[in-house]
Amino acid sequence: SRGTMRLTPIARMARLVNNHSSVAPGLAPVLKHLAERLPETDTVTPGRLAKTRGVARDFRVTFGASGPELSGFKLIARKGKSTQEVFVTSKLSREEMEAHVGWCVNKVHG
């Protein structure tokens, strides 16, 4: 059907950088699935973990601003009072990345 994108995992996985000892609640399995779905040339790097005033009841990942100088995407994961940026270096289109991120969040948090 027209407009349907195939979301098949790629043979070799992207590099998942573990530079922080703590990640936002529920984020680790999402990042693992995302790395498994992206090309091996891509990199998934969690940023700093911060506390926020507002409370996000459900786990969610949104896309942050990414300028032309970035060769990828900035994702923002929220759950409870925790928020964490995730930087993804990739040549995929935003539409493709949104589809992969949505699939991973749905797989883990249904």
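Q: In this predicted model, what share of the contacts between residues at least 6 apart in sequence joins residues at least 24 apart?
A: Among those contacts in the protein, 67% join residues at least 24 apart. A contact here requires heavy atoms within 4.5 Å.

Q: What makes up the secondary structure, and in which pattern does it follow along the sequence?
A: The protein has two helices and three strands. Read along the sequence, they give the pattern β-α-β-β-α.

Q: Why are β1 and β3 said to stand at the edges of the sheet?
A: The three strands form an open sheet in the order β1-β2-β3, with mixed pairing. β1 (15–16) and β3 (72–89) each have a single partner strand, so one side of each is left without a neighbour in the sheet.

Q: How do you know that β1 and β2 count as paired strands?
A: Pairing requires at least two bridges between the strands. Two bridges join β1 to β2 (residues 43–63), and these strands run parallel; therefore the pair meets the requirement. Within β2, Thr-43 is the bridge partner of Arg-15.

Q: Which strands does helix α2 touch, and what angle does its direction make with that of β2?
A: Helix α2 (residues 94–109) packs on the sheet and touches β2 and β3. Its direction makes about 60° with that of β2.

Q: Why is Thr-43 called buried?
A: Its relative accessible area is 15%. The cut-off for buried is under 20%, so Thr-43 is classed as buried. Thr-43 is found in strand β2. Leaving aside residues up to four places away in sequence, Thr-43 touches Ala-14, Arg-15, Val-17, Phe-87, Val-88 and Thr-89.

Q: Which residues of α1 are buried, and what do they pack against?
A: In α1, the buried residues are Leu-27, Val-30, Leu-31, His-33, Leu-34, Ala-35 and Arg-37. The buried residues of α1 pack against β1, β2, β3 and α2.

Q: What makes the contact between Lys-32 and Glu-36 a salt bridge?
A: The side chains meet at 2.7 Å, N to O. The limit is 4 Å between a side-chain nitrogen of Lys or Arg and a carboxyl oxygen of Asp or Glu, so this pair qualifies. Lys-32 and Glu-36 are four residues apart in helix α1 (residues 27–37), which means that about one helical turn separates them.

Q: Why do Lys-32 and Glu-36 count as partly exposed?
A: Lys-32 has 46% relative accessibility, and Glu-36 has 28%. Partly exposed lies between the limits of under 20% for buried and over 50% for exposed, so both residues belong to this class.

Q: How do you know that Lys-74 and Glu-85 form a salt bridge?
A: Their closest N and O atoms are 3.6 Å apart. This value is within the 4 Å limit, so the pair is a salt bridge. Glu-85 is partly exposed, at 25% relative accessibility.

Q: Where do Arg-94 and Glu-98 lie, and what joins their side chains?
A: Both lie in helix α2, four residues apart, about one turn of the helix. Arg-94 is partly exposed at 40%, and Glu-98 is partly exposed at 36%.

Q: How many salt bridges does the structure hold?
A: The structure holds three salt bridges. Side chains of opposite charge can pair when their charged atoms come close.

Methods
Residues are numbered from 1 along each chain as its sequence is written. This is a predicted model: local features need pLDDT of at least 70, side-chain atom pairs count only at pLDDT 80 or more; totals for chains, interfaces and linings use all residues. Side-chain values use heavy atoms; hydrogens and water are left out. Axes are lines fitted to C-alpha atoms, for helices over the stretch in contact, and angles run from 0 to 180 degrees between N-to-C directions. Buried means under 20% relative accessible area, exposed over 50%, partly exposed in between (1.4 Å probe, protein chains only).
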